[in-house]
Each structure stands twice: as structure tokens, then as C-alpha cells.
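Please read the following briefing alongside the sequence and the coordinates.

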Amino acid sequence: MEPRAPGGPRRPRPPLLLPLLPLLLALRPGVPARASGLPADKLLVLTVATEETDGFHRFMQSAKYFNYTVKVLGQGQEWRGGGGLNSIGGGQKVRLLKEAMQHYASQEDLVIFFTDCFDVIFAGGPEEVLRKFQKYNHQVVFAADGILWPDKRLADKFPVVHIGKRYLNAGGFLGYAPSVSRMVELWTLQDNDDDQLFYTKLYIDAAKREAFNITLDHKCKIFQTLNGAVDEVVLKFENGKTRVKNTFYETLPVVVNGNGPTSILLNYFGNYVPNTWTQDSGCTVCDLDTVDLSAAEVLPSVTVGVFIEQPTPFLPRFLDLLLTLEYPRQALKLFIHNKEVYHEKEIKVFYDKAKHEISTIKIVGPEEKLSQAEARNMGMDFCRQDEKCSYYFSVDADVVLTNPRTLKILIEQNRKIIAPLVTRHGKLWSNFWGALSPDGYYARSEDYVDIVQGKRVGIWNIPYLANVYLIKGETLRSEMNERNYFVRDKLDPDMALCRNAREMTVQREKDSPTPETFQMLSPPKGVFMYISNRHEFGRLLSTANYNTSHYNNDLWQIFENPVDWKEKYINRDYSKIFTENIVEQPCPDVFWFPIFSEKACDELVEEMEHYGRWSGGKHHDSRISGGYENVPTDDIHMKQVDLESVWLHFIREFIAPVTLKVFAGYYTKGFALLNFVVKYSPERQRSLRPHHDASTFTINIALNNVGEDFQGGGCKFLRYNCSIESPRKGWSFMHPGRLTHLHEGLPVHNGTRYIAVSFIDP
């Protein structure tokens, strides 16, 4: 057909031209046609690793999961490809690839998959890679990036892309072996020159782009670079599998690259991909590479670093729990830093007990005036310098380890750094962060709440941990061999430790580019940190409002640390009131039950005696409304020692449930105007005349032992001619106060009797 003349009739276009275009392109010189459906053994992964970091091992584990064939270049060689963060470099990777391609250049049906490895994981298998690669119908496909590095002046030279990422990223590319070989043969630069700039200049040169038939993976079908794309990617749980999904392009990338400042996000994805944790199976890698201590004749040596950096409640209990760890005492050494003079007496008591079980105990006290960072450096170094120290177990005094197997469990997980999950009771506060904000502080990861609440269970790679953790001794003597790990800029010591562990690379340039232009090129030595919530390990105390102005300060912790308060001060048999019906009724409607521990009784008496201002049993009493007491006792009110709010909370939490059980249908308000400790002795006040109480019901708790601390005493209910002459320490009477239960305090013959009394619902 002839072209139509201007103004003449329109003629149809040749119908076969468009379908023939792919074939013509494939048959052009230097671009041989490829058979469809290449088998997986025609894909070879090449990567460069001059040393084996945690990131490298993760990469290899993900490759093994999908049965990739991987050849590692540069092993055992010195890295000369540049200084790392914020600097150009990486040319050594091109040189090593150029040398390796000499062996594969003639294999026309071999596809070379070159990728970084320290910050990369596979999310799909080789069959998927080849299928997606062949659909591009190009000789070489590079990863695409939304950020241009290292020379932004080249931006206008890139082909325009209307949908997708415009710029080349050299962290990963695919190509047929002959084309890849011819491409890297052009490299004539130095090891510390920039690999990405080299590939970029090939791509923006239209003639070379055409000659090598290069394209970019604009919509992240194969490669997902995370830098600049954090908001694009999410986890996708489906059909028992876990993938990373690009929500902008609705694609499932096969390779995920945590380039630039996104390594923490990659660590988060690596907790799930490739199928390392799924909704159906949970953690699938938690039992890989573990050690079995049950088969060991001699357990590894552990140095336990104990840090008391502020006044801490329940410290004697914390120290005693260290001696309940299921671990041979001969395999333990202790380093204790105590910053507080307030705790020196308790440390001395613990040392006198522990020195008979643990041979090496080093105590650094407040007289040394060490900063927290200096003390923690010293403790870590105590293990680092001891070649026999296999593990360093750091524990802060605000950690309550309730699982005696904690140390063994952590060792068996066989991680360089691992922490047990501990949380504050009833709160989401824990000893780890799942993500970091741009300025390096706390940010909540998508899975944080599920991990804390135990809805997702496993071993989690995290950016920050504190309070309690285990580090391998060999790690301290290799990757972490610098002594000053707890100091960095103006960071808190725990934040400094984690940042130093994560980012063990040196910056080449003082003038750092913006975060958008970060490029990690040299092998990072960062050590992965893990948190385990596979077991119940314990909890964290709140120390923020610990007031040390009283004699027994733990008594005031019922609000801040209710579980620990209950554990210390409530009778162990209290729960049996509701399960085994142990409440006794020695007199009509007088109920007798266990409520306080021995420690609670002793400390309450000590607190009152330390205060010392007993009323003397006088009728005139300015502490009460009206100023006159008809039936006075020798007492100290809870208000006088600032214990009133604690006591009323105790009534609501522990007395009210008993009231409901024994006085069915009565719901107490748990309110009392008069709460006090009474002191009976022959020298001051030996008894109390008959009286009614100004209450709906009264509790009367014995605070010491009849027969040991005093003789005589007790209570008689006159209406029923019923006496209770042997009250049990820590047990309470509960009886109606008005009308029916006229009662008197029986005389004490010698010694001193103490009781705690409340007139409830006056």
C-alpha cells in the first residue's frame, strides 16, 4: 500500500508490525532470543562478603530457605572498597565480579543475580525471580530507587518514568551472563571508587543502555530498596506465608534491601521474612542453631554484672533471686556496682551470704563516684578481659527475674546479644523498643504490643534493649572489643550501647549528607540484638517515685509496684481464703483469716516504733474529730506516718473481697476514718475496757506472736462470752463494729503486743 496523500482517505496500518516488535528486538545483534521458563539451576547468585557478619548469615539463611545457589566473592580478603556510611565507594565489588565473570561469560542461558548481602533478605524463590526477569525481556535488570546517589546532578539524564522509581540502585541486578560480563569488563577504576556511579553512567548513556539492553525494575517487582520507600512497604500475611508487599505498586518484591538508614526496618521485616514467623506456624527459626546445655558436663563460665544505679524497692529480694538461678555457683562470677549509700547495708548482708557460694565477687560502691556509663564499661570489661568468661549477663536492680532458668534459656538460644522480655505489670512498658524514631529515640513498631502481650511469640531482632541482657564473651573480645561501649555523644548509657552495637562503622567524612543520601558500602560490623518472649521471665519495677525518707520504704509501693508489694507483704495463704475455705469462725460472726506476711508485720511495727510518737492512751486526742476519745488506746495513726492512702488501698484490694465472702451481699466501700497500730504493754496500757467500734465492721490484725513476744492479750466478745486468746501473727479478725459485738482487749502480762486496727465503713 502507498501512503495516503494529504487530504486523501485514511489507510489501515500494517497489522503484523506490533506483534513482531518483541521478536525483532530479541533478534537484534547481541541480544539472542531466550527460551521461556528457565529452570532454577540456571540462576546463580553472586555476592561480595569480605567478612561474615550477622547480616551476612541472615542473607545466607534466607537464600538457603529458597534453595538459591550462592557464590560468595572476596571471602578472607581485606575490604578496600570505601569507608562505609555517608561516603562513596564499593568499586571492589565490581572488580571481584569482573574477575568472577571470566568463568561464566560464555554461558548464554545462565542468569547472574548480583546482590549486596549484609543488608538484604530474599522473600521469594529462584523460579519467581526468573519468571519476573524474563517478563522484562531485557538483558540486564537493575533495582530501581526513588533517591539518586551519589551524584544528584545526573538526575535529568535519566529516562523519564511516569509510574515507578526513576533512578538506578546498584545493590542488586539480574542479567544474562554474557551481558553482565561485557558490562563489568568496562570497569577500569579503583576499589574505592563508586560502583553505583559506574553503573549509573552506563545506564544514562543511551547508546550503552541500548547496547547492554538495560532496564530498571521501576515498580519493585523483583527488588525493593527501602531507603525513601518506608511508607510503601508492609508485611502481608496470607495462606500461611509472610511476604513484604509494596502497596504503591501492588507488587511482591523478591529481594528486600535495607539500604541507607533503613537497616532497622529490614531487621523488622527479617523477623517475618522469609516465613521466619507466620500466623499459622509462629516462629519457624527459634530452634535453629541452638545449644543443648543438658548434654554439657561443664557449663560455660558467666560473669553477672549487677547495677544499682538509683534507690530501688525490694532490693534484698532482687539479690536473693540471683542466688536462685539454676546455674552452678562455681561457673559464676559477680560484679556489683552500687551507686547508692542507701543500699550499702543490704549489699553487705547479701555479700556475707553469697561469698560462701560464689568465689569471685567484685563490689564497686558509691565511694568510687563512678558514672553509670563508667560502671557499666567496667562490668563489661570484667568479662572481656577474662578469657574464661563465656558470657556476660547484665542485670539492673529493677529487674525481677521470676524464672530461675532464665540464664540457661538465654545461653541455649545461642545469640551474640539476647535479652529476656520483662515488662511492668499491667503496662506496655518493657525493656525493648521495636523501632526507632528518625532522631534515634523510641518509636512503636507494628508488632510491639503483640510481642509484649505474648500474641506473637519468638526471638525478635530489635534496635534497642536495656535492663537485662546476655552477651557472648567472644563477641566482647572481637566485634565489641572497644572498652567504651556505654558512651556515645550525649546518649544515655543503654542507648549508647545499642547504637554502638548496631553501627560499628567509622564515618569517612565529617560533613555527613542528609539521611536521604546514606549509603552503606563497607561491610558493617553491627551485631544483631534479640529479645525473647518464648518464656515468662519476670517483670520490671517502677523506681521513679521511690521515696526513701521512711524507715521501711517498700511499704509505700502498693501503687507503683502492686505485684511486688503483694508478694512481699500479703500472706502466702491469702488466696486459699477463696479456694480452700480456710476462714475460721472462732466466735459468732467473728471471722479469722491470714492477711499479712511476717515481713509486713515486722516492718509495720518497726515503722511505728521508728516514728515513736505513741498517743499514751489519753482521752483527749487532737488527731480525731471532736478531740475526745471515749475508749482510748496507746496508738499511732496511719496518717501520722503518711501511710493512710496505702492502707485504704490495701483495704479495698485485699479486705473487701474477704468481706464479700463472709458477709454475703454486703459490698464495702473500703473506707475508714480511723486506721492505727495499737501497742499493749504492762508498763503503758495493758488492756482495753468493753466497747463498740464506730464502724460497720472492724479488722484487727495481729502483728506479733503470743508466747514469744508477749504473754496474755487477746479479745473477748461479751455478748457471746467468747474469747480468742491466741491470735496468730499476720492473721486478722473481722467482726461487726456496732450493736452486736461488744468486746474488750484482754490484759497483756508481759512483753509488748501490737495490732493494726481499722474501723471500716463508719
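Helix H6 (residues 195-204) is largely enclosed by the rest of the structure, because 8 of its 10 residues are buried. The model discussed here is a predicted one.

Helix H6
- The buried residues of H6 are Asp195, Gln196, Phe198, Tyr199, Thr200, Leu202, Tyr203 and Ile204.
- The cover over these buried residues includes the helices H3 (91-100), H5 (177-184) and H7 (206-211), together with the strands E5 (140-145), E6 (167-176) and E7 (214-217).

Loop position Asn259
- Asn259 sits in the loop that runs between strand E11 (255-257) and helix H8 (263-270), and its relative accessible area of 5% places Asn259 among the buried residues, for which the cut-off is under 20%.
- Leaving aside residues up to four places away in sequence, Asn259 touches Asp119, Asp145, Asn169, Thr225, Leu226 and Asn227.

Loop position Ile570
- Ile570 is found in the loop between helix H16 (562-569) and helix H17 (576-579), and Ile570 is buried, with a relative accessible area of 5%.
- Once residues up to four places away in sequence are set aside, Ile570 touches Trp565, Ile595, Phe596, Ser597, Phe650 and Phe654.
- Ile570 and Glu598 are separated by 28 residues in sequence, while their C-alpha atoms are 8.9 Å apart in space.

Definitions and conventions:
Residues are numbered from 1 along each chain as its sequence is written. This is a predicted model: local features need pLDDT of at least 70, side-chain atom pairs count only at pLDDT 80 or more; totals for chains, interfaces and linings use all residues. Side-chain values use heavy atoms; hydrogens and water are left out. Buried means under 20% relative accessible area, exposed over 50%, partly exposed in between (1.4 Å probe, protein chains only). Helices (H or I, at least four residues) and strands (E, at least two) are DSSP runs, numbered from the N terminus. Contact means heavy atoms within 4.5 Å.
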